[in-house]
Amino acid sequence: MATEGDVELELETENSGPERPPEKPRKHDSSAADLERVTNYTEEKEIQSSNLETAMSMIGDSRSLEQKDKQEREKELAKVSIKKEDLELIMTEMEISRAAAKQSLREHMGNMLEALIALTNLFVLSQTHS
């Protein structure tokens with residue numbers, strides 16, 4: 001008497017088609033696998049170094065673009081005229097260096113009030129994070 005599993009086995013045998021000849025034992029399978037591993041490793045290493053070169057190139061391009069933008073921004077800021085009185089007032093009231101006071105005034109197009117507000121906000125932020 002056939003069990004349920006036996007019936008399925010018989011159906012699979014009937015549907016499998018023509019019989020295949022038994023496979024010949026493969027010689028040097030381990031050597032082929034070793035060679036495959038070595039070539040895969042080498043290919044991965046080449047891809048990784050290619051990706052690294054591309055990434056480094058992109059970083060270099062990005063840095064040079066940032067540097068160029070920064071230089072252009074500095075040129076634009078240098079064109080902004082500032083009043084000596086405004087500079088002295090900001091230096092005295094905020095107790096900051098001449099360079100920092102100039103930078104703030106230039107970033108705010110010579111507007112002393114905006115420069116003072118920005119510096120005050122920076123001071124408050126630095127005190128809350130300390």
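Which residues form a nonpolar patch on the surface? Here are some friendly notes on that and a few other points.

1. This is a predicted model, where local features need pLDDT of at least 70, side-chain atom pairs count only at pLDDT 80 or more, and totals for chains, interfaces and linings use all residues. Residues are numbered from 1 along each chain as its sequence is written, and side-chain values use heavy atoms, with hydrogens and water left out.

2. The patch consists of Leu 52, Met 56 and Ile 59, with about 300 Å² of accessible area together (Shrake-Rupley method, 1.4 Å probe; for residues, only the protein chains shown count as cover). Patch members have over 30% relative accessible area and no salt bridge; nonpolar side chains (Val, Leu, Ile, Met, Phe, Trp, Tyr) are joined within 5 Å, like charges within 9 Å. Ile 59 lies in helix α2 (residues 29-78); helices are DSSP runs of H or I, at least four residues, numbered from the N terminus.

3. In helix α3 (residues 84-94), Asp 86, Leu 87, Ile 90 and Met 91 are buried (under 20% relative accessible area; exposed is over 50%, partly exposed in between; 1.4 Å probe, protein chains only). Seen down the α3 axis, these buried residues fall within an arc of 130°, so they line one face of the helix (directions from the axis to the C-beta atoms). They pack against α4 (98-107) and α5 (112-128), with contact meaning heavy atoms within 4.5 Å.

4. Glu 88 and Arg 98 meet through their side chains in a salt bridge (3.0 Å, N to O); the term requires a side-chain nitrogen of Lys or Arg within 4 Å of a carboxyl oxygen of Asp or Glu. Glu 88 lies in α3 and Arg 98 in α4, so the pair ties together parts that are 10 residues apart in sequence.

Note on methods: Helices (H or I, at least four residues) and strands (E, at least two) are DSSP runs, numbered from the N terminus.
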